[in-house]
Amino acid sequence: MKDSFYSSFEGKHRGEREDIKNRLRTYLPFLTPFSSVKPEKEHILLDLGCGRGEWLELVTEAGFIAKGADLDDGMLSYCKDFGLDVVNSDAISFLKSYPENSVDVISSFHVVEHIGFANVQLLIEESFRVLKPGGLLILETPNPENIVVASSSFYLDPTHTQPIPNQLLAFLTEYTGFNRTKILRLQESKSLYEKENIELIDVLAGVSPDYSVIAQKEADNDTMSLFDEAFAKEYGLSFNILANKFDINLNARFYDNKCRLQELKNKYLELNGNYNEVKEHSAYVMDENNLLKQRIEHLYVELEHINEVHQHIYNEQHRIDADMNYRIEVDINPRFQDNEEKLLDLQQKYQTLNERNSQQFQKNAEQILNFEHLNAEVQRLENIINNSFCNKVRLKILAVKYRISLLFNKNIIKRVIAKSIRTMIGVVRKHPRLMYFSQKILLKLRLYPLAIKIYQRFNTPGYNNFNSVNVERDTASMQNLSERSRHLFNISRKNK
């Protein structure tokens, strides 16, 4: 009987057994405190509409004596395969078979939406009777806060009668006499807790698709306090929470859009002002453009006129150039021929002068060699003079330098000889013959002032007392030469 309609339907739309067991672990914190309540006795749990037995298997592992009831044999066959204690019975009849205050926990998962409101009320009353003080009633059902569940998926199961709001189910438990109730919203998407931008589809379909009401029967304070922590915790996402998040997000979007709209308005006003300025400037530019077009047309006309004048000038220039070229050829060609003849003549003369200069350069080179030879001879004789102090040799050197001056006729050599004679005046004054010879040389070199100076030295006091057989003759000769020197010196001054 495992392939009954409802068992097959549950297998397709509810999920695998392990998935269901993982969902049901949410309720274990509410069962844990029972281990502290009279641990010497076993705790009994009744599951109404036990289905495939996922919850029975889970609480049996937690240490409860679990019994289940269901009307579908296909569902019960799964429970029997796992060795669970189940019976084929409706929920209310199953409860009536138990005495008062005999059960710790009664659970019913997705049953109340099948049995109608009157039976739901009767089920809660019987559960209150059967439960022990401090016992728990767990009722799970689809959550009509979820718009998609309430309007669509709830009616996927053909055995559903009507959805039950959580406020109504919680009120029924309180009305029956339970001390406190807790609403648990279940199976929502965990990503919605961290999602910042809640959208409309999240508000419509993101609310916890299932909820449960957990009601506890009154007991002593010590027993009740054991369950305070489980009852204090909040579970799931309500419609109000998602709607508030959506409103906050929507208001934030509206505010951002308002700010962006205001910013766009400011930009529009700015652009509108810029557009008006651009429009005025554009009108001004259009006027300027029209003026420029007119000026361009006028310039084109002037350019055509200038091109015509330029072409006329070019034609005249071409004609003048042709005429000038003809005249220049007629006038310049004979001159050019004459200039060529003169150039050839000048080239021949230049070649002749170049040959003469080459010959003269060779002669000068020979004279320079002779001069260098004579100068070397002079240097040698001066060295001899310096070593032997021979005054006659010094005078020979003067004579050689004199010959050099006659050979080159260079005033610089005359100055060199004059400087040498100045240095020798102190020597020749004691030798009348040398004095006479020096004065004669100076006279030939036309160095008249030096010749006169030697004569003055010759007539110095004490010189006439020098013992010489030729003093009178030398004196007469020196006097004659001095007079000639004065005469020639005066003539040279007048000529200057």
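This is a predicted model: local features need pLDDT of at least 70, side-chain atom pairs count only at pLDDT 80 or more; totals for chains, interfaces and linings use all residues.
1. Helices here are DSSP runs of H or I with at least four residues, strands are runs of E with at least two, and both are numbered from the N terminus. By that count the chain has 19 helices and seven strands.

2. Residues are numbered from 1 along each chain as its sequence is written, and side-chain values use heavy atoms, with hydrogens and water left out.

3. Now the overall picture. The chain exposes about 31,600 Å², and carbon and sulfur atoms supply 53% of that; the areas come from the Shrake-Rupley method with a 1.4 Å probe, and for residues only the protein chains shown count as cover. Take the contacts (heavy atoms within 4.5 Å) with a separation of 6 or more: 74% of them are between residues 24 or more positions apart.

4. Next, the inside. A nonpolar core is a set of buried Ala, Val, Leu, Ile, Met, Phe, Trp, Tyr and Cys residues joined through side-chain atoms within 4.5 Å. The largest one has 29 residues, and Tyr27, Phe30, Leu31, Trp55 and Ile214 touch the most other members. The largest share, four residues, is from α4. There is also a second, separate core of 26 residues, including Phe94, Ile106, Leu123 and Val213.

5. Leaving out residues up to four places away in sequence, Leu31 touches Leu45, Trp55, Val59, Phe64 and Val105.

6. How many of α4's eight residues are buried? Six are, so to speak the helix is mostly covered. They are Glu54, Trp55, Leu56, Glu57, Leu58 and Val59. These buried residues pack against α2, α3, β1 (44–48), β2 (65–70), β3 (85–88) and β4.

7. On to the rings. Phe, Tyr and Trp rings (the six-membered one for Trp) pair if their centres lie within 6.5 Å; planes under 30 degrees apart count as stacked, over 60 as edge-to-face and the rest as tilted. The whole structure has eleven aromatic pairs. Phe30 and Tyr235 have ring centres 6.2 Å apart and planes at 40 degrees, so they make a tilted pair. Phe30 is in helix α3 and Tyr235 in the loop between α13 and α14 (239–388), so this pair ties together parts 205 residues apart in sequence. Phe30 is buried at 0% relative accessibility, and Tyr235 is buried at 10%.

8. Trp55 and Phe109 pair up edge-to-face, because their centres are 5.4 Å apart and their planes at 65 degrees. This one links helix α4 to strand β4, 54 residues apart, and both residues are buried. Ring pairs also join Tyr27 to Trp55 and Phe109 in a cluster.

9. Last, charges over rings (NZ of Lys or CZ of Arg within 6 Å of the ring centre and within 35 degrees of the ring normal). Arg180 has its charged end over the ring of Phe231, 4.4 Å from the centre. Lys217 has its charged end over the ring of Phe128, 4.8 Å from the centre.

Terms used:
Buried means under 20% relative accessible area, exposed over 50%, partly exposed in between (1.4 Å probe, protein chains only).
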